[in-house]
Amino acid sequence: MSRAVVTGVGVLAPTGVGAEAHWAATVAGRSAIGPISRFDAGTYPVRLAGEIADFDPRSHLPSRLIPQTDRMTQLALVATEWALADAELTVDDRRDFDFGVVTSASAGGFEFGQRELQKLWTEGPATVSAYMSFSWFYAVNTGQISIRHKLRGPASALVTDQAGGLDAVGHARRLVRDGTPAVITAGVDSSLCPMGLVSQLPSGQLSRRRDPATAYRPFGADASGSVVGEGGAVLIVEDAAAARRRGAPRVYGEISGYAATFDPPPGSGRESGLSRAAALALDQADVLPDDIDVVFADAAACPRADLAEAQALEKLFGPGGVPVTAPKSMTGRLGAGAGALDVATALLAMRAGVVPPTVNVGDLAPGHQIDLVTSPRRMPVRTVLVLARGQGGFNAAVVLRDGGGTDRLDTVRDEDPAR
């Protein structure tokens, strides 16, 4: 059966515009969480977020696309361009059916939608953009990527909240194993607008602290919830043999296992399905728990959810049995972008041989018997487990294995503080 490997990475995250900038900030432990600047959040109980700075879509996209697209889609389109360039993969009319597109977004184009609804309320229906018909839609990234690159292969859009990025990666793997030579897969979200923020407040899972250094503390003794963020990653997933035939410049790693499960109904007394998802992904990858070098955790920073995740890891690996990290502590939780960005970061960690840190945790909460990495840890990183959970009981797990390829991150590794 075909092996699905990652040959290109495109990143737009609060920690950096581009994969190299993101990795340099992440391995150095530089948090990008700060006061919301995209709108006046002074009257809201939540005032912090992980925002992407220094990104002007007009510098990267044709001017005609700007009024048609939400910021979420602009980020996805630009990251796709970078991922294709990184893979040195071009699309021509003879191969348009050879490319699939799978994306995930938890909310769709909320900022575009809010702006047009405000026009409707204040100026009347004649002022509402015709592009409102699709720009708000959670599947729009798949459509816009396909249209821009004239792709006619399999196309899908998944909505499973924070688990969505991993579910998109898992589905891309499935398409490749079923015969699609290459798949563009992405998890990208951006809902940093009043409507997007207010829609998340009722969950009770957002931290209301005002200090960026203490707001998002996954697995911490005083964890008070997470922080929202924007961005994500786009990956080029190819059949390994096809990538070798075309002379792909690098293989970041192989997507060797994937599984998804649902949690039982609240109040049932049954344990979370997260440990089962992880065990199934390991089994599918044909690896043992002892083979996993590091776990990229979901890291909700809600005491009950953190404890459930810590217990799931202890059940699978034993107390402190595997290094655990949550670099999303520097970006906030990016919706569907979180899992995709974790996969990209894990692949970069393999290349560099460094586990990036979890920052600003403080003391671990009682009962969390995990080896949490809080400073860059230089070590071989050959096999990684990435976990994600979405609100409503979604669980996803992906196993990545070192592809043994080369990369172009030498300048970043030279600056690596963990050397």
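**Notes on the pocket, a helix and the strands**

1. The largest pocket holds about 1,400 Å³ of space. Some housekeeping on that: on a 1 Å grid over the protein atoms alone, a pocket is an open set of points where a 1.4 Å probe fits, with protein on both sides within 12 Å along at least five of seven lines, and a lining residue has an atom within 4 Å of a point. Grid points are joined across faces, edges and corners, and the volume is the space filled by probe spheres set on the points.

2. Before you read on: this is a predicted model, with local features needing pLDDT of at least 70 and side-chain atom pairs counted only at pLDDT 80 or more, while totals for chains, interfaces and linings use all residues. Residues are numbered from 1 along each chain as its sequence is written, and side-chain values use heavy atoms, with hydrogens and water left out.

3. Back to the pocket. Its lining has 50 residues, and Gln205, Ala305, Gly390, Gln391 and Gly392 lie nearest the centre. The elements giving two or more residues to this lining are α7 (194–200), β8 (228–229), α10 (303–317), β16 (383–390) and β17 (394–402). The top contributor is α10, with 7 residues. Helices (H or I, at least four residues) and strands (E, at least two) are DSSP runs, numbered from the N terminus.

4. What is the lining of the largest pocket made of, by residue class? It splits into 23 polar, 17 nonpolar and 10 charged residues. Here Ala, Val, Leu, Ile, Met, Phe, Trp, Tyr, Cys and Pro count as nonpolar, Asp, Glu, Lys and Arg as charged, and the others, Gly among them, as polar.

5. β16 deserves a look, being mostly covered: 8 of its 8 residues are buried (under 20% relative accessible area with a 1.4 Å probe, protein chains only; exposed is over 50% and partly exposed is in between). Thr383, Leu385, Leu387 and Arg389 point one way from the strand, and Val384, Val386, Ala388 and Gly390 point the other way.

6. Who are the neighbours of β16? β11 (residues 294–296) pairs with β16 in the parallel sense over 3 bridges, and Val295 has Leu385 as its bridge partner. (Two strands pair if DSSP finds at least two bridges between them.) β17 runs antiparallel to β16, joined by 8 bridges, with Gly390 partnered by Phe394. These two strands make a hairpin with 3 residues between them, and Gly392 in the turn has a positive phi of about 105 degrees.

7. On to β10 (residues 253–262), where 8 of the 10 residues are buried. β10 pairs with β17 in the antiparallel sense over 9 bridges, and Phe262 stands opposite Phe394. β10 is also joined to β1 (residues 4–13), antiparallel, by 2 bridges; there Val5 stands opposite Glu254.

8. The length of helix α3 (residues 110–123) checks out: at 1.5 Å a residue its 14 residues should span 20 Å, and the end C-alpha atoms are 19 Å apart. (The expected span is 1.5 Å times one less than the number of residues.) Its buried residues are Phe112, Gly113, Gln114 and Glu116, and they pack against α4 (132–135) and α7. Gly124, with a positive phi near 105 degrees, follows the helix.

9. Last, Asp96 sits in the loop between α2 (71–87) and β5 (99–104). Is Asp96 buried or exposed? It's buried, with a relative accessible area of 8%. Leaving aside neighbours within four places in sequence, Asp96 is in contact (heavy atoms within 4.5 Å) with Lys150, Leu151, Arg152 and Gly153.
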